[in-house]
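Visitor: Please take me through the pockets, ring pairs and helices here, and tell me why each label applies.

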Amino acid sequence: MSKRMPLATMTDTPDFRAATANDLADIQALLKSAGLPFEDLTIHSLQDFMVLRDAKGELLATGGVERHGNDGLLRSVVVSDAARGSGLGKRITGAIENHAREKHIGALYLLTMTAAEFFPRLGYEKFDRDAVPVAIARSTEFATLCPATAICMKKNLG
């Protein structure tokens, strides 16, 4: 059983920052441990990813957006076992959404097998997978990494 980090410690952590090439291996390891797709993440795909590390340098949370024109695919939102239940999932999703707005992304789409109850609390609504924009549908996550049974959701950022 993993030890959860007290909420007070969470508020003492630094802010989210842009991911760098040095974060890639830790991001992939965290995604793998959570059973999330990581195989297609590269140094280049990290340009719109964010990370949060604790004072010891341990990766607490990550996530990002894959840009497709004016739309984006919310990717790889994950919080470490030690930090779950601390509100970091909500915080990192908000930080990613703000980043997406700065990049003039009007809507975010996502696929989930495990967080279908989490994302509606943040304003995401179920969306017909067959109705997503073509560029999103052609993404590796939609086309090959996530099963057809994954729930599709959308949030307008405007």
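Visitor: Which residues lie nearest the centre of the second largest pocket, and what makes a residue part of its lining?

Guide: Asp54, Glu58, Leu59, Leu60 and Ser80 lie nearest its centre, among the 12 residues that line this pocket. A lining residue has an atom within 4 Å of a pocket point; on a 1 Å grid over the protein atoms alone, a pocket is an open set of points with protein on both sides within 12 Å along at least five of seven lines, whereas a cavity is a set where a 1.4 Å probe fits but cannot get out. The model is predicted, so local features need pLDDT of at least 70 and side-chain atom pairs pLDDT 80 or more, while totals for chains, interfaces and linings use all residues. Residues are numbered from 1 along each chain as its sequence is written, and side-chain values use heavy atoms, with hydrogens and water left out.

Visitor: What is the volume of the second largest pocket, and how is a volume defined?

Guide: The value is about 210 Å³. Volume here is the space filled by probe spheres set on the grid points, which are joined across faces, edges and corners.

Visitor: Which elements supply at least two residues of that lining, and how do its residues divide by class?

Guide: Helix 2 (24-33) and strand 3 (59-68) each do; helices (H or I, at least four residues) and strands (E, at least two) are DSSP runs numbered from the N terminus. By class the lining has 5 nonpolar, 2 polar and 5 charged residues. Asp, Glu, Lys and Arg count as charged, Ala, Val, Leu, Ile, Met, Phe, Trp, Tyr, Cys and Pro as nonpolar, and the others, Gly among them, as polar.

Visitor: What are the volume and lining of the largest pocket?

Guide: The largest pocket has a volume of about 610 Å³. Its lining has 30 residues, the closest to the centre being Leu36, Val77, Thr114, Ala115 and Phe119. Strand 4 (71-79) is one of the elements that give two or more residues, and strand 4 gives the most, with 6. The lining divides into 18 nonpolar, 8 polar and 4 charged residues.

Visitor: Why is the pair of Phe119 and Tyr124 called edge-to-face?

Guide: A search of the whole structure finds 3 aromatic pairs. One of them joins Tyr109 and Phe127, edge-to-face at 5.5 Å centre to centre and 70 degrees between the planes. Tyr109 lies in strand 5 and Phe127 in the loop between strand 6 (125-126) and helix 4 (134-137), so that pair ties together parts 18 residues apart in sequence. For Phe119 and Tyr124, the ring centres are 5.5 Å apart and the planes at 75 degrees, so this pair is edge-to-face. The cut-offs for rings of Phe, Tyr and Trp (its six-membered ring) are centres within 6.5 Å, with planes under 30 degrees apart stacked, over 60 edge-to-face and the rest tilted.

Visitor: Is Tyr109 buried or exposed, and how do you know?

Guide: Tyr109 has 4% relative accessibility and therefore counts as buried. Buried means under 20% relative accessible area, exposed over 50%, and partly exposed in between (1.4 Å probe, protein chains only). Phe127, at 26%, is therefore partly exposed.

Visitor: What makes the buried residues of helix 2 one face?

Guide: Leu24, Ile27, Leu30 and Leu31 are buried in helix 2. Seen down the helix axis, the buried residues fall within an arc of 130 degrees, so they line one face; the arc is that of the directions from the axis to the C-beta atoms. On the other side of helix 2, Ala25, Lys32 and Ser33 are exposed.
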